[in-house]
Amino acid sequence: LLGRAMAVVAPEGAERAFVGPRFLWYDASERERAFRFAGVALTNAVLVAATCALLYLLLLELGFAASTALGVALILGLASPLLVYTKTFFTEPLATLGLTLLAWGMARWRNRPEVANAALAGLGLGIAVLTKTAHLVLLPVIAAAAWLAARAADRSQDSAPGRPRGWWMTNALAAVSALALVLGLLAVLNVARFGSAFETGYGREIGFWSSPWLEGLLGQLIGPGRGLLLYFPGVLLAAAGTPALLR
């Protein structure tokens, strides 16, 4: 919307600033489209900042010190591949924001099993699915984790006194309702764009892997466009510290 507004008021020729070598698939003569693309690209700054803030809150919820949480959030924003993924479009940054919101909501729900926290987790998953439908694969894993947490809360002596029987069902309905709200929006968007609620825009590609597995793995690890080891060698330290994190 901001890009479209810019196209109305910007001086003639200003769109050329947004149509460089990286954007050759766009016709420079399409003034409004160039500004719309610029608006989408600029949105990534907000998404990345929000994700870093949510990661900080998530680590606090998990019991880490504020200094540790701040350090990790700064690493995500300044020394991870997240900024690399913001160069062209907002799908990866928006999906990362949704997944971080999901994790924060589940951590809050584990510590304080309340309807609002369950809905927060459902909303986070919904944002991730709205960005990429494949994130629905997380649903059974999240459901199993929530069920185990609910059983542990029922057995704990620290459970809130007077909690009604079946309280977890109310929480589950809140999470599912938040997810369904976003999925409903996705269905409306799909109908408006493609004529069917179940058409996501990926066409036949949604049913198969379009790249060789080894080529994709090497590209994600050492590819110059987004290689994890190139843009974030600190991940090796993270891997070494994973056993301590699990403990």
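Trainee: How do α1 and α2 lie relative to each other, and why?

Mentor: They're oblique to each other. Here's the general idea: two packed helices are described by the angle between their axes and the distance between the axes. Keep in mind that we're looking at a predicted model. In this one, α1 (residues 2-9) and α2 (residues 31-61) pack at about 135 degrees, with axes 7 Å apart. An angle has to be over 145 to count as roughly antiparallel, so this pair stays oblique. The crossing of α1 over α2 is right-handed.

Trainee: Which residues of α1 and α2 meet?

Mentor: On the α1 side, you'll find Gly3, Arg4, Met6 and Ala7. Their partners in α2 are Arg31, Glu32, Phe35, Arg36 and Gly39. Sorted by class, that contact has four charged, three nonpolar and two polar residues.

Trainee: And how do α2 and α3 run, parallel or antiparallel?

Mentor: Use the angle again. The α2 and α3 axes cross at roughly 150 degrees and come within 8 Å, so the two helices are roughly antiparallel. This crossing is right-handed too. From α2, the contact uses Thr51, Cys52, Leu55, Tyr56, Leu59 and Leu60. From α3 come Ala66, Ala69, Leu70, Val72, Ala73, Leu76 and Gly77. Count the classes and you get eleven nonpolar residues, two polar ones and no charged ones.

Trainee: Zooming out, how many helices and strands does the chain have?

Mentor: Ten helices and zero strands. Buried residues make up 30% of the 247 residues. Among contacts with a separation of 6 or more, 56% link residues 24 or more positions apart.

Trainee: Which elements have the highest and lowest mean pLDDT?

Mentor: Read pLDDT as the predictor's confidence in each residue. Helix α3 (residues 66-78) has the highest mean of the elements, 93. Helix α6 (residues 139-155) has the lowest, 79. The chain as a whole averages 83, with 88% of residues at 70 or more.

Key. Residues are numbered from 1 along each chain as its sequence is written. This is a predicted model: local features need pLDDT of at least 70, side-chain atom pairs count only at pLDDT 80 or more; totals for chains, interfaces and linings use all residues. Side-chain values use heavy atoms; hydrogens and water are left out. Axes are lines fitted to C-alpha atoms, for helices over the stretch in contact, and angles run from 0 to 180 degrees between N-to-C directions. Helices (H or I, at least four residues) and strands (E, at least two) are DSSP runs, numbered from the N terminus. Angles under 35 degrees count as roughly parallel, over 145 as roughly antiparallel, 65 to 115 as roughly perpendicular and the rest as oblique. A crossing is left-handed if the near helix is turned anticlockwise from the far one by less than a right angle, and right-handed if clockwise. Contact means heavy atoms within 4.5 Å. Ala, Val, Leu, Ile, Met, Phe, Trp, Tyr, Cys and Pro count as nonpolar, Asp, Glu, Lys and Arg as charged, and the others, Gly among them, as polar. pLDDT is the predictor's confidence in each residue, from 0 to 100. Buried means under 20% relative accessible area, exposed over 50%, partly exposed in between (1.4 Å probe, protein chains only).
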